Amino acid sequence: MQKGQVVKIHSDFYYIETNGIVNECKLREVLKKTKQSVFTGDFVEYENGAVTKILPRYNYIPRPSVANVDQIIIISAVKEPDLSFSQLNRYIAFAKYYNIKAVLCFNKNDLSFDDKIIEKVFSIYEPLGYDILFTSATEELGTEDFKKILNGKFSVLCGSSGVGKSSLINAISGLNLRTQAVSEKTQRGIHTTRHCEIIQLDKNTKIADTPGFSNLKFDFILPHKVDELFSEIYKYRSKCKFQDCLHLNETGCAVKENLNKIDETRYYSYCELVEEAKEYKEKIKTQGTKKESAHKKQNNEIAVKISSRKRQSARNTQKQNIYKDITDEKFD
């Protein structure tokens with residue numbers, strides 16, 4: 001039995017690194033039946049080319065699917081595509097929801113000559129305690145600071161397509177990951193990274209290059225929990241008149257009374273996420289969320305449950321055998 005870390009998942013193959021050697025494995029059928037998800041970054045046990053056990057993870061994010069990470073580096077472009085504070089705030093809230101440290105990196109700084117953007121970024125996010133980097137992968141500006149942030153940690157690079165994640169990795173590692181220019185027609189990025197993969201920069205430093213995504217919706221959280229993801233809003237919640245205040249149109253709302261102290265892009269993002277969370281609330285009210293699990297925990301091991309139909313069939317067979325035994329005894 002060997003132990004290692006999943007560094008890439010492609011189709012039904014799991015690539016597991018142990019002592020610098022990567023082995024290609026499949027998932028054992030019993031794990032498929034228990035519907036246990038395996039993420040890039042998971043530590044697993046395997047033998048004879050099959051993953052036999054997923055070891056406990058200390059954190060994870062489902063999208064991009066990565067486990068056991070130290071920090072999320074949120075990559076945004078200053079230009080091409082234009083900086084979206086709405087998208088940035090989504091990523092920040094996402095990292096906070098999963099209780100993982102976020103670092104803000106603004107790439108393509110060479111394309112912008114507007115210092116107001118830099119000033120705005122620092123004025124919003126520095127008071128919130130975020131580490132902020134400005135880089136240019138093409139001009140190799142800020143790349144040494146970028147290396148220092150990564151040093152000795154397992155970091156996930158996330159951000160929309162076209163912001164330069166692969167270009168930054170190439171700039172600091174000497175690798176030649178595939179890159180592609182932003183579409184002139186849509187001014188949006190084009191996916192170049194197709195799957196999540198761990199790249200080892202040195203003995204103690206790893207990064208996960210992930211596909212870009214732009215459709216992150218907060219359809220997994222209840223509305224009254226959203227303010228916990230915005231510290232500058234959450235600090236006023238205890239002063240609101242109503243405990244279930246959503247800080248939208250309620251009377252006696254301390255957040256609304258202090259809007260002059262909250263950046264408008266942050267509050268706008270908060271309102272967007274609340275509306276999405278409301279849709280989720282309505283959905284679970286009408287559909288419900290309770291589902292019978294296909295597996296159970298027994299003696300600290302996960303076992304496949306027998307379906308209710310098979311259980312009933314087994315009971316019927318058992319009853320028939322009992323009646324048969326009783327009948328046989330009568331005529332003996």
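The model is a predicted one.

Helix α4 covers residues 143–150. Which of its residues are buried? Thr143, Phe146, Ile149 and Leu150 are. Viewed down the axis of α4, these buried residues fall within an arc of 110°, so they line one face of the helix. The background is helix geometry: an α-helix has 3.6 residues a turn, so residues three or four places apart point the same way.

Most residues other than glycine have a negative phi, and most peptide bonds are trans. Against that background, two residues and one bond deserve a look.

The peptide bond between Glu80 and Pro81 is cis, with omega about 0°. Pro81 sits in the loop between β8 (71–77) and α2 (85–97). Glu80 is placed in the loop between β8 and α2. Glu80 is not a glycine, yet its phi is positive, about 50°. Is Glu80 exposed or partly exposed? Its relative accessibility is 41%, so Glu80 counts as partly exposed.

Lys35 also belongs here: its phi is positive, about 55°, although it is not a glycine. Lys35 lies in the loop between α1 (29–33) and β4 (43–47). Its relative accessibility is 64%; the cut-off for exposed is over 50%, so Lys35 counts as exposed.

## The largest nonpolar core

In soluble globular proteins, nonpolar side chains tend to be buried together. Here the largest nonpolar core has 55 residues. Which members touch the most others? They are Ile74, Phe106, Tyr125 and Tyr270.

Helix α2 gives the most, with 7 residues.

What does Tyr125 contact, leaving aside its neighbours within four places in sequence? Its partners include Phe85, Leu88, Asn89 and Ile92. Leu104, Tyr130, Ile132 and Arg266 are also in contact with Tyr125.

A second core is separate and has 17 residues. Among them are Ile75, Cys105, Leu133 and Ile169.

Methods:
Residues numbered from 1 in each chain as written. Predicted model: local features only at pLDDT ≥ 70, side-chain atom pairs only at ≥ 80, totals over all residues. Heavy atoms only, no water. Helix = DSSP H or I, 4+ residues; strand = E, 2+ residues; numbered from the N terminus. Buried < 20%, exposed > 50% of the residue type's maximum accessible area, 1.4 Å probe, protein only. Arc of directions from axis to C-beta. Core = buried A, V, L, I, M, F, W, Y, C linked by side-chain atoms within 4.5 Å. Contact = heavy atoms within 4.5 Å.
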